[in-house]
Structure formats: C-alpha cells, structure tokens
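Welcome! Please take a look at the sequence and the model before reading on.

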Amino acid sequence: MLVPIFSLKIKHKVHPRLVTVGKYDGLHPCLTCATTASKVFVHNPHSPAIAGGRMAVQDSDISLLSVNQSVSGLVAGQLDKNKKRDILCIGTQTNLLAYDVHDNTDLFYKEVPDGVNSLVIGNVANIDQPLAIAGGNCTLMGFDADGEDKFWTVTGDIVCSLALADFNNDGQDELIVGSEDFDIRVFQGEEIISEMTETEAVTGLCRISGSRFGYALANGTVGVYDRTARYWRIKSKNQVMAIHSFDLDGDGVEELVTGWSNGKIDARSNSTGEVIFKDNMTSAVAGMVDADYRLDGKDQLICCSVDGEVRGYQGDQSRRRIVEANRAMDDVKDLNMTKQNLLLELQNYEREKEFVKPHQLTSTEKINEAAIPVGSTANAELIIAQSPDPHIQLVVTSTNDTIVRMVVIFAEGLFEGESHVVHPPQNNLSNKITLPLYPPKDIPVELHTQAFISLPGSCSFHVFELSNYLPRFSSYLPMSRPPKMPESRITFSVVERVQRVAIWFNENFLLKQELTCDDLLEVHLLALRGGDCSFKMDQSGQIEITTDNLELAGDFIQSLASFLNLEHLQTTAHIPMHLKRLEELIETVDNLHVVTQKLAAEMTDHSNLIRSLVVRAEDARLQEDMYIFITVSHTIVYLCHCYCLNLVLN
C-alpha cells in the first residue's frame, strides 16, 4: 500500500482531468485545478496569495481566477524562454487564455473556433520557441508566447488527449494525439508518421521514457506502447480518470500510475503491467501531477480527487525492497499453487487406472465418469457466408460422438462487454455451433474461444481453448464478379512486385484461399457495413483503389504503406461526389457570408437610426412633450423587434 507523506483538503469541487502544477514565480510549485463552478484555483502554500487582474484571494494560500466559461483544458508550462517561470493556459470551447499568474495579467486571449478539449505545452517540429498546443474539433493549433498562431494541422476526429514524447528516438519530441475515433496518431510537425487503432476513444496519454508512452481508453483500458508495439494493457469495469508516470520505488524507472473513477490509485510496471503499489481515495481521482511541493529537493506524486482531497507520495528505495519481498512471497504462493494442481492431476490419473480405458466403457459408464473418446478435439474456423446476407462466421465443431454444449468468445472491440456466450437449444444439440460476426471497425482482433464439450446426457464438460485471428479488413469480402463500380478512385504508384502486394492482401483480408498472381492483381470487395470497392495493380506498380468511401481508401493506403515501409507516397484522387458536396458547402458558406454582411449593414443602419431617435426622445422628455416621447419610444422598440426578427429568419 502507498502511504502519503502529506495530505490536505481544498474546499472546491475539482473538474476531472483538469489538474496541473506550475512555478508561476519560477521557484514555488502551485497546484492548479479547474472547478465545477467555471473557476480556476491556484494553491500556493509557500507564499501568500496575491489579488489583482482576474485573480481574487479566497484563503491565505488559495487564489481564484474567474473564467466565466466552462473550462475544458488546463496546463502550465514555460512559454517564454527569457522568463524562467510558468504560464497558465486555460482553454474553453471558444477561447484560449494564457495568463501570467505572477504578474496577474493576460499574456494573450485568442479565439479558437474549434474549441479546446486538451492542452499541452512544449516544442514541436522545427519551431524553436515553446508552444501552447490546443486540440479541438479535428484541429490542432499551437500558439507562442505572443499569441501568434505558429502551428496548425488537422486530425481525424475530435481530440480527447495530447502528449509530447520522443516517439522515434531522434532527440526531438513528437506530438501524440488521441481522438474519439479510437486512433492514436503521432505527428512530426504537420505530418502523421504513425497511427495505432484502439477499441475506444483515447481519453488519456502520458510520456514515460524515451519512445514509451501510456494511454487510457473510455472503456476502462490502460496500457503502454513503445513506438507502435503495445507492451501490455489491462481493462477494468471502472473508468480511467488520469494517468501519469512517476518513479515510486526509487529504482530510476518510472511506473505508470493510474487514477480511477472509484478512487483507486495503482502504480504498475511500465514493462509488464504488474501492480506494484496501490491506494484508495474517498472519491474519484481528478488528476495527478508531480512536483517538489515540499521544497525538500525531491519530487512528489500529487493526486487530487474530485472532492478536493490532495495527497502527496514520494519515491523511496525502501519501497523497492518491499516490492521485491512481496514478489518473492508471490512466487512462493504460485509454486505452491502449481504443486497443488499437479498433485490433483496425479490423483486423477491414478483414479483413471482403476477403470478400463474410456473407449471400452459402456455409454452409461462414459456419462457417469464424464469420459469422452480418446482423441476428441475441438476446432474453430472463420469462414465467409454469402446468405442470407454476407457476413463472417465462426464455426466451432467437435469430433467423435461429442457435442458442443457452450461457446465463450473473448474479443476486444467485437462484442459489447468484450465477451460473448452462446448456448444452443437443448433440443438441437450437435457437434457444431455457428456464430455470426460483424466487426464494427476495421481493426485486427484476436478471438479467444472456449468450447465446452461433452457426451450427450453428461453434466460434466471438457473445455478446449482455441484461438483465431480476425485480420484488419475482414469486413470486406472478395467477390467473383465486379459490383457496381463507384465513381471515386485513387491512384498511385509503388516500386514493388505484384506478389509482394498480394502477400499484404493475404495478411489483411479474410480470404477463402490465398491470392496468387504474376502480372495483375484485381480484387472486387463487398463491404459488410455497406459500399463496394475494387483494388487493382498491374505489373508497372500502378495501383487503383475504386471506392466512394475515402476513409476506407485512406486506411488501405496507410496499411499498405506501413507494410511496404513507405515514408512518402504521392496519390491522385478523382472524387466527383465529394467535390460536388464540397461545392455545395462552399456555396452555402458564401450565402451565409452574404447574409452576415447584409445583417451587419442593417444593424449599422438601425444603430444609427436608434441613436438619433434616442437623442430625440431625450429632448422630448426634457421639453415634457410626452406625445413625441412615447411615439419615438415605440418606434425604437419596433425597430429593435424588426431587427431581432430579421436576424432569426436569416
């Protein structure tokens, strides 16, 4: 168990995932959190709070900053190299505020049309100065200390999390972006250099060391990547609220610390996922940071709950010895458990010797002794079914006289709850069970199946564990004849043999038999989730993908480029349907722009007229001419109503 070295209670409700720490005077770390009341508090236990600007003093060590909007992003860091102190950046769904807490002044206040869902401060690409990078609705924007837009690019979906890490070990940080479309994208400048697909929205990212980083998903999954290789992952029924890396056992290697919605805090080895330390808070964890909060020369892990409880934990080498002792005890327990299992298995073998061989038993004796014929096996096979509608089937069969009583499938992202249990009707038991599969996304899935096999009438089952692999593009079934050809197509050239691309096809698609070709590769595909596409490659290396689904074409190209180790690929796209839609959108925007200009002109005219009428009404009031005063007042009200009605109608 983790034992905190300090704890305190702050009388504010903390917004989840909006916790940071900064040295705003360059010396003293201050815990900073967004509250549920659209405010940001700064806790500074080392110097008295100072009021001024946007800041107001609540207690002797707490300052409150009023934002007057719901805070959606919060981070502190150095934006100006010349000033050795941190700047507080606050994001909302419309703006980004960079605030100098020490001087109580706005550094800049910028409008962000796509909103701010996540913030990070650091260096990217070839830009020398640090940037405050904001992730919003499909966009990434970076601002320098002067508020100038130095970095802008787009990503696939709404940004949920950001982190900076040296992904490719080149000495410079890359920007890692987690989004709602289940993807983790790595940006080097404005270019995507890598992409990993998960099974849920990526709600948390943190750097660990080198190219290793941790991630958290909305379904309670937490794990570690080293570049594109996933080291481990675990899943909980609780939601991950925060992840952070910190060396708690003092061995020089950081652990991945996770804060959960039930208040649990656990630290896991970043290489194995083994739980090393754990603790529990009284409410959900809101965020975790690290800083030398006691000014004793050692950093502490600071955990904050949604109820304002704060605990600090310090790395200690004595914990390492405790961990090693606990591991030794666990190893002894595991050995004892293995010993007991082996002894039980030996007893079963000795018991079987008292009976004749199973194939010599009568039917009744076989049922009573739960025996199945020697050599009985179970098989699981993935096939393509064309009727009544095209889909994938998992067929589980048993041999001999045995029947399949039940099948349990474990597959992440394929079923709700990530597992599926099938019980055949008692009046229709056989040696085969067929399960339809409909992958919701184009991701590779490992199927772990447990088949429960027995003889008819027996209540004891034999469990067979089976494994299958569902490739990434298993939802696209090859067809013998071409479907209705889509209008859009993407063409590009690769310096590669047709046979090499055929290998990629065999690895990433579910085929009845492997493709073999010499000079021409042409495959027509039927999409289970709707839409058709074709893939064609000739001997010269010219590839043509015909589909109206541009996202699918992009996935094909990304997968093929990764397989062929291509860093740059020039493509030509002919997309008349999407171009027509783009023209319609541009025309709509132009019309809205004309309406906006018209409204602005009318507002100016109405403002000038209302201003003159107000002066005339004031003159009438001073002259006590109530008839003119009432008439002019009614005219002003009428003009205001007309303007508001015109605004609503347009």
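A residue counts as buried when its relative accessible area is under 20%, as exposed when that area is over 50%, and as partly exposed in between. Keep in mind that this is a predicted model. It holds 19 salt bridges, while the count of disulfides comes to zero.

**A bridge between two loops**
- Lys13 and Asp307 form a salt bridge, and their closest N and O atoms are 2.9 Å apart.
- This pair links distant parts of the chain, since 294 residues separate Lys13, in the loop between β1 (6-9) and β2 (14-23), from Asp307, in the loop between β27 (300-305) and β28 (309-314).
- Asp307 has 27% relative accessibility, so it counts as partly exposed.
- Lys13 is partly exposed too, with a relative accessible area of 47%.

**A bridge between two strands**
- Arg212 and Asp226 meet through their side chains in a salt bridge, at 3.8 Å from N to O.
- Arg212 belongs to strand β19 (residues 212-217) and Asp226 to strand β20 (residues 221-226), and the two residues are 14 residues apart.
- Both Arg212 and Asp226 are buried.

**A bridge within a helix**
- In the salt bridge between Arg581 and Glu584, the closest N and O atoms are 3.7 Å apart.
- Both residues sit in helix α5 (residues 576-622), and because they are three residues apart there, about one helical turn separates Arg581 from Glu584.
- Arg581 has a relative accessibility of 47%, so it is partly exposed.
- Glu584 likewise counts as partly exposed, at 37% relative accessibility.

**A network of bridges**
- Salt bridges also join into a network that links Asp181, Asp183, Arg185 and Glu195.

**Cysteines without a bond**
- A disulfide needs two cysteine sulfur atoms within 2.5 Å, and by this rule the structure has zero disulfides.
- Cys89 is too far from another cysteine for a bond, because the closest cysteine sulfur, in Cys30, lies 15 Å from its own sulfur.
- Cys89 is buried, at 0% relative accessibility.
- For Cys303, the closest cysteine sulfur is that of Cys304, and the 9.0 Å between the two sulfurs is too far for a bond.
- Cys303 is buried as well, with 0% relative accessibility.

How values were computed:
Residues numbered from 1 in each chain as written. Predicted model: local features only at pLDDT ≥ 70, side-chain atom pairs only at ≥ 80, totals over all residues. Heavy atoms only, no water. Salt bridge = Lys/Arg side-chain N within 4 Å of Asp/Glu carboxyl O. Helix = DSSP H or I, 4+ residues; strand = E, 2+ residues; numbered from the N terminus. Buried < 20%, exposed > 50% of the residue type's maximum accessible area, 1.4 Å probe, protein only.
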